[in-house]
2 protein chains.
Amino acid sequence: MNALLLVAHGSRRRESNEEIRALAAKLRELQNSQRAPFALTAHAFLEMAEPTIAAGIAELAAQGARDIAVLPYLLAAGNHVNADIPREIAAAARAHPRITITLAPHFGAADGVAQLIVEHARAHAGE
Amino acid sequence: MNALLLVAHGSRRRESNEEIRALAAKLRELQNSQRAPFALTAHAFLEMAEPTIAAGIAELAAQGARDIAVLPYLLAAGNHVNADIPREIAAAARAHPRITITLAPHFGAADGVAQLIVEHARAHAGE
């Protein structure tokens with residue numbers, strides 16, 4: 001089964017982590033309502049919240065995932081994107097040798113970001 | 001004229017700020033290639049980089065903007081979204097009383113985020 005793991009930064013603010021959980025729930029709904037590219041979805045946090053990346057991958061593995069796409073939910077490519085997340089993914093790959101784990105570019109690099117910015121701004125513009 | 005001001009956090013990392021400038025350039029291109037909802041677009045940084053929000057709004061005002069939609073390019077609603085950006089927008093509104101400035105919800109709250117996550121992950125998934 002294909003799985004998607006959304007990796008957020010994690011925050012000291014409980015509300016910010018709740019935003020991620022709500023987004024993960026929305027991702028699950030999307031999978032149920034569409035031709036689902038991912039049979040399973042989960043979320044994880046890089047720091048300051050749980051589940052960790054290792055726990056997120058272990059949970060997906062326990063549910064039967066065989067291919068996991070990991071998507072860093074970050075806008076900029078800093079050390080988290082370039083070093084921390086790849087290191088954790090490499091460790092998880094060693095822990096789950098029968099699972100293929102693919103690391104997508106961070107969310108800020110997604111092709112549709114500029115278009116979504118314009119649509120979001122238009123929906124909330126003054127006139 | 002309608003204008004869009006993209007407000008990013010700003011980073012010590014030069015490359016992260018360059019990502020924002022590249023995104024702002026892409027926004028301008030989108031405006032040129034589509035029925036443009038915003039005649040003008042600009043970007044600004046909350047901290048650690050320039051232009052500031054005040055400078056971004058002053059620049060758009062100088063170019064003839066009359067309605068400016070400000071879009072916080074942040075994934076989570078923390079103090080920046082709830083306090084810092086509204087305070088700077090209020091100050092800019094006082095400095096430019098003939099301009100209508102509207103603050104959109106932060107980017108992470110945009111309706112299309114979950115859909116874009118799925119598309120981005122699918123485009124980069126293993127198989």
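This is a predicted model: local features need pLDDT of at least 70, side-chain atom pairs count only at pLDDT 80 or more; totals for chains, interfaces and linings use all residues.
Helices (H or I, at least four residues) and strands (E, at least two) are DSSP runs, numbered from the N terminus. B:R87 counts as exposed because its relative accessibility is 51%, whereas B:D84, at 18%, counts as buried. The cut-offs are under 20% relative accessible area for buried, over 50% for exposed, and partly exposed in between (1.4 Å probe, protein chains only).

Some notes on reading the labels and values come next. Residues are numbered from 1 along each chain as its sequence is written, and chains are lettered from A and ligands numbered from 1 in the order in which they are written. Local features need pLDDT of at least 70, side-chain atom pairs count only at pLDDT 80 or more, and totals for chains, interfaces and linings use all residues, while side-chain values use heavy atoms, with hydrogens and water left out.

**Salt bridges in chain A**

Over all chains, the count is six salt bridges. Select A:E18 and A:R21 for one of them, with the closest N and O atoms 3.0 Å apart. These two residues are about one helical turn apart, because they are three residues apart in helix α1 of chain A. A:E18 is partly exposed at 37% relative accessibility, and A:R21 is partly exposed at 29%.

Now select A:R13 and A:E15. They form a salt bridge in which the closest N and O atoms are 3.8 Å apart. A:R13 is partly exposed at 26% relative accessibility; A:E15 is partly exposed too, at 42%.

**The loop at A:S11**

A:S11 is placed in the loop between β1 and α1 of chain A. A polar atom of the A:S11 side chain lies 2.8 Å from the backbone nitrogen of A:R13. Is A:S11 buried or exposed? A:S11 is buried, with a relative accessible area of 18%. Apart from neighbours within four places in sequence, A:S11 is in contact with A:S16, A:N17, A:E47 and A:M48. Contact means heavy atoms within 4.5 Å.

**Strand β1 at A:A8**

Select A:A8, which is found in strand β1 of chain A. A:A8 is buried, with a relative accessible area of 3%. Leaving aside neighbours within four places in sequence, the contacts of A:A8 are A:I20, A:A44, A:F45, A:L46 and A:Y73. A:A8 and A:I20 are 12 residues apart in sequence, and their C-alpha atoms are 7.2 Å apart in space.

**Between the chains**

Show both chains. How many residues of chain A are in contact with chain B? There are 48, in contact with 48 residues of chain B. The area buried between the two chains is about 4000 Å², of which carbon and sulfur atoms give 69%. Buried area is the accessible area (1.4 Å probe) that two parts lose on being put together, summed over both. Select A:L75, A:I117 and A:H120: in chain A these lose the most area to chain B, together 16% of what that side buries.

The count of salt bridges between chain A and chain B is zero. There are 10 residue pairs in polar contact between these chains, both residues at pLDDT 80 or more. A polar contact is a pair of N or O atoms within 3.5 Å; within protein, one must be able to donate a hydrogen and the other to accept it, and residues adjacent in sequence count only if both atoms are side-chain atoms.

On the side of chain A that touches chain B, β1 (2-8), α1 (14-33), β3 (67-72) and α4 (113-124) each supply at least two residues. The largest share, 10 residues, comes from α4(A).

Select B:F107. Not counting residues up to four places away in sequence, B:F107 touches residues of chain A including A:L75, A:F107, A:I117 and A:H120, and among its contacts in chain B are B:L71, B:Y73 and B:V113.

Finish at B:Q31, in helix α1 of chain B. B:Q31 is buried at 6% relative accessibility. A polar atom of the B:Q31 side chain lies 3.4 Å from the backbone nitrogen of B:F38. Beyond residues up to four places away in sequence, B:Q31 touches A:V118, B:A36, B:P37, B:F38 and B:T41.

Notes: A salt bridge is a side-chain nitrogen of Lys or Arg within 4 Å of a carboxyl oxygen of Asp or Glu.
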